[in-house]
Amino acid sequence: MKKTILVTGGTGFIGSHTTVELQTAGYDVVIVDNLSNSKADVIDGIAKITGVRPAFEQVDCCDYAALEGVFQKYPGIEGIIHFAASKAVGESVEKPLMYYRNNLTSLINILELMPKYNVKGIIFSSSCTVYGQPDPEWLPVSEAAPIKKAESPYGNTKQVNEEIIQDFVKSGANISAIILRYFNPIGAHPTALIGEVPNGAPANLIPYLTQTAIGIREQLAVFGDDYNTPDGSCIRDFIYVVDLAKAHVAAMARIVEGKNAEPVEVFNVGTGNGVSVFELINTFEKCTGVKLNYKVAPRRAGDIEKVWGNVDKANQVLGWKAVHTLEDSLTTAWKWQQKLREDGIM
Ligand code: WQD
């Protein structure tokens, strides 16, 4: 019998790609999403790729009663992957209470319902943002690195949610949890049937870059060329979203098979390579043949200078590795941007 996984935020960028990989690995998926930052037609894209339409419930995880209704409607959910969250760093500074309410309440509701409905485990989407700017001896940054005070309410919700999970498990709750700390997820499914759909002017590098390349934005601003890095621009660990999605499948297998060594485990999910903003732009131009209009602009407040992951633990323990190149990621991101144009979306 197929095992059923609940994916909150399953119509979002990472959630939709993970749903595809879960279905491909033989799971049934129930998506819960309030569609606050995504559209229901993402389900059509998923169904076209996998040939299977995931179940979908338009529910806000902050609504306890509605969420409980989902557990009642789909008995036997074995695991949860919790993506649903507000995720814009800048917006979180302007609307901190909205961020704390959405991101904390939804996790608390899910955790409360898990033992009641015998759900074995949860995978939580966390972020390398919890490391802040790691000290030089901690680069590449491993899971053992100190957690730094969050720079934004968004980042703080990730830290607090990690602690909520730890505390709940410590209290004796009979569940297990895997916390995945993502680096910078980019790219789109190779079919261009699903991808990232930014809401308004993108804050993140890749959607801004591809929107500039296609002419929606006039020019990409590179935020700072005077950092203490080889070419002066910031360094990140850009991970292909399909690789990231597959890390969730590996983590879910560990949970449903009860193979986890600890009730709460933490894994970095990245490539292990640091790439600068200029290197990324050059790679984009090379692999797409598109000349990008960009200029150097002042530093962006709150940016981390350089961070990339030590991903040995995920490689060894989860048996998972990022296999796609930066070229793969950028080629698919560009293909997706062109598809959005073809479809008249943007
Ligand atoms: C990457 C690099 C920018 C835009 C944030 C969150 C993190 C995570 C992902 C989210 C930086 C530079 C960007 C632009 C630029 N979580 N840049 N021009 O800041 O690493 O991480 O998003 O959901 O928690 O903090 O990602 O894509 O915004 O920036 O030069 O127009 O690109 O300065 O060096 P970041 P990013």
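This is a predicted model: local features need pLDDT of at least 70, side-chain atom pairs count only at pLDDT 80 or more; totals for chains, interfaces and linings use all residues.
Residues are numbered from 1 along each chain as its sequence is written, and side-chain values use heavy atoms, with hydrogens and water left out.

The ligand is surrounded by 18 residues, the closest being Leu 205, Ala 221, Arg 236, Arg 300 and Asp 303; a residue is counted here if one of its heavy atoms lies within 4 Å of the ligand. By class, this shell divides into 10 nonpolar, 4 polar and 4 charged residues, where Ala, Val, Leu, Ile, Met, Phe, Trp, Tyr, Cys and Pro count as nonpolar, Asp, Glu, Lys and Arg as charged, and the others, Gly among them, as polar. Strand 8 (residues 220–223) gives the largest share of the shell, with 4 residues; helices (H or I, at least four residues) and strands (E, at least two) are DSSP runs numbered from the N terminus. A polar side-chain atom of Arg 236 lies 2.5 Å from an oxygen atom of the ligand, while Arg 300 places a polar side-chain atom 2.9 Å from a ligand oxygen atom, and for Asn 184 the corresponding distance to an oxygen atom of the ligand is 2.9 Å. Taken alone, the ligand exposes 690 Å², of which the protein buries 87%, the areas coming from the Shrake-Rupley method with a 1.4 Å probe.

Grid points are joined across faces, edges and corners, and a volume is the space filled by probe spheres set on the points. The second largest pocket has a volume of about 180 Å³ and is lined by 15 residues, of which Phe 238, Thr 271, Asn 273, His 324 and Leu 326 lie nearest its centre. Strand 10 (238–240) and helix 11 (326–342) are the elements that give two or more residues to this lining, with strand 10 giving the most, 3 residues. The lining of this pocket comprises 7 nonpolar, 7 polar and 1 charged residues.

The count comes to 3 cavities of 30 Å³ or more. The largest cavity, with a volume of about 90 Å³, has among its lining residues Gly 187, Glu 196, Ile 206, Trp 336 and Leu 340. Helix 7 (205–214) and helix 11 each supply at least two residues of that lining, the largest share, 4 residues, coming from helix 11. The second largest cavity holds about 40 Å³ of space, and its lining divides into 5 nonpolar, no polar and 2 charged residues.

The structure also holds 3 aromatic pairs, defined by ring centres of Phe, Tyr and Trp (its six-membered ring) within 6.5 Å, with planes under 30 degrees apart counted as stacked, over 60 as edge-to-face and the rest as tilted. The rings of Phe 278 and Tyr 294 have centres 6.4 Å apart and planes at 50°, so this pair is tilted. The pair links distant parts of the chain, joining Phe 278 in helix 9 (residues 277–288) to Tyr 294 in strand 13 (residues 294–297), 16 residues apart.

Definitions and conventions
A polar contact is a pair of N or O atoms within 3.5 Å; within protein, one must be able to donate a hydrogen and the other to accept it, and residues adjacent in sequence count only if both atoms are side-chain atoms. On a 1 Å grid over the protein atoms alone, a cavity is a set of points where a 1.4 Å probe fits but cannot get out, and a pocket is an open set with protein on both sides within 12 Å along at least five of seven lines; lining residues have an atom within 4 Å of a point.
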